[in-house]
Amino acid sequence: MRVLEVASEATPFAKTGGLADVAGALPAALGRLGCDVTLVIPAYREAFAKGLSLEPTGIEFEVPIGTRRSAARILRCRRPESPATVLLVANDDYYDRPSLYGGAEDFPDNAERYIFFSRAAIELACRLEKPFDILHCHDWQTGLVPAYQKLLFADTPAVANARTVMTIHNMAYQGLFWHWDMLLTGLHWRHFNWQQMEFYNQLNLLKTGIVFADAVSTVSPTYAREIQQGPGGCGLEGLLASRADVLTGIVNGIDTQAWDPGSDPHIPRPYGESDFEQGKYAARVALAARLGHAAPDSRPLVAFVGRLVNQKGVELVIELLGRMAGGGRAHFVILGTGSPPYEDALRRVAAAFPGTIDLVLGFDEGLAHLVQAAADVTLVPSLFEPCGLTQLYALRYGSIPLVRATGGLVDTVVDTDPDTLRDGTASGFVFQGFDALALEHALVRALDAHADRELWRGLVRRGMRQDWSWDSSAREYLRLFERTCAVPPARVD
Ligand code: ADP
């Protein structure tokens, strides 16, 4: 199976979020399953700054953008550790900038930058030696690829027989632009209608991808269901429900090399299932020293690591701390950065309970590893969560995830109760309503369970044993590709 992965960011070249982890890891995992995979990404300034060897391929062509033409120069990166080919689309006017999408404000020409990228990706596919079976597009930045394939390249043998798959990483970002940007796409105005590319008088690039793709996927089965209704669908719920027959959810994998308690350079003593208590204690001592304490206290350690934004349920954490920190049953550590009002509220509550709450405002990858290794419980009380990785890292590091029942959290954490303990599926604690009392109640259950050492050891060991590697996610993507190739392409008018 020949697969073209098209994404606007991918590790190790350029990253702003989880999309880059997926686009970085999936091609290699599909390659290990025998697929012939090519990944196409923009050649950002950040990619050049990484010291990776980016070689010219000699492939250069012009891409129509409205009434103009812009040049695309194709570079290749050879990476011995990955079987996938990586091609980068260079155009310095668009991509030689200090950030990927803009700072506090998006770049004003983001529509043009990703219309160009989508068109360049499909033009590039036409110039490579063999045709592709699958064009796999990620998020709004590549939403035009399925439309181009069906509307402009239907007679071009290199891509005409390919099937297109659109993967949605977060419905909250749809690529909404001024209607006149439609002119830049080169597509006929008749497609600017409410059933195809228009969304309340604006051009919607994610919607375009969902409409024209042969199959649609998102990053967990529960999120796939949630986005077919409001508010999860963010206005596109009707469209997504109409595509339910080709809509799948596949949980993301984690990088099991970067996140391995058996070899993690960020923790003082590597550990596995058999010696997790010693390993976690050593991490707890190191964390206490790092946070300025003489020694760790003996209470269970409850952690929160994440962006301090509304999506992550930070207001519930703040209220929980106010209610529980005085009770003395747990020590809390919060690592995050984000919206200033949340940071201020956390500062205030941490100052009120200095021996019980440690607050680190900032982004620190190494500290995130140490916190997961030291923690007994990791809180993920999200309002919505397409997939979520924090809970998967927690499981692997023997910290029990306490999550709200939403999106990928539902698909990856099983609540602990007498039934799930008996059948061996219990892996964490789950609460339903988005409110601090429900979170507190779940934490009290977790702390009670922590007091039962045998029960807790069983939970930790089972979580550490689970396989959330990319290999199992890639097998599901491969099945999706095979299913999609087995049926005729979706028709469009
Ligand atoms: P999202 O992609 O929505 O932010 P995920 O749970 O999928 O949420 O992934 C978040 C990742 O970012 C995790 O690896 C988490 O450890 C990391 N992270 C978030 N905030 C911080 C921080 N302040 N310092 C270090 N790592 C962080």
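This briefing covers the fold, the domain interface, the backbone geometry and the salt bridges of one protein model.

The model is predicted, so local features need pLDDT of at least 70 and side-chain atom pairs count only at pLDDT 80 or more, while totals for chains, interfaces and linings use all residues. Residues are numbered from 1 along each chain as its sequence is written, and side-chain values use heavy atoms, with hydrogens and water left out. The protein is divided into domain 1 (2–253 + 472–485) and domain 2 (276–466), with bounds from an automatic or database domain assignment.

**Overall fold**

- The protein contains 20 helices and 18 strands, which are DSSP runs numbered from the N terminus (helices: H or I, at least four residues; strands: E, at least two).
- The radius of gyration, taken over C-alpha atoms, is 24 Å, close to the 23 Å that the globule rule gives for 493 residues, so the protein is as compact as a globular protein of that length. The globule rule is 2.2 Å times the number of residues to the power 0.38.
- The C-alpha trace spans about 70 × 45 × 45 Å along its principal axes.

**Domain interface**

- The centres of domain 1 and domain 2, taken over C-alpha atoms, are separated by 34 Å.
- Contact (heavy atoms within 4.5 Å) involves 13 residues of domain 1 and 12 residues of domain 2.
- About 900 Å² is buried between the two domains, and carbon and sulfur atoms give 60% of that area. Buried area is the accessible area (1.4 Å probe) that two parts lose on being put together, summed over both.
- Between domain 1 and domain 2 there are 0 salt bridges and 5 residue pairs in polar contact, both residues at pLDDT 80 or more. A polar contact is a pair of N or O atoms within 3.5 Å; within protein, one must be able to donate a hydrogen and the other to accept it, and residues adjacent in sequence count only if both atoms are side-chain atoms.
- On the side of domain 1 that touches domain 2, helix H9 (residues 221–226) gives the most, with 4 residues.

**Backbone geometry**

- Threonine 11 and proline 12 are joined by a cis peptide bond with omega about 0°; proline 12 sits in the loop between strand S1 (2–6) and helix H1 (18–32).
- A cis peptide bond also joins glycine 230 and proline 231, with omega about -5°; proline 231 is in the loop between H9 and helix H10 (237–242).
- Aspartate 139, a residue other than glycine, has a positive phi near 65° and is found in the loop between strand S6 (134–138) and helix H5 (144–151).

**Salt bridges**

- The count is 28 salt bridges, each being a side-chain nitrogen of Lys or Arg within 4 Å of a carboxyl oxygen of Asp or Glu.
- Aspartate 214 and lysine 150 form a salt bridge through their side chains (3.0 Å, N to O). Aspartate 214 lies in the loop between helix H8 (205–212) and strand S11 (215–218) and lysine 150 in helix H5, so the pair ties together parts that are 64 residues apart in sequence.
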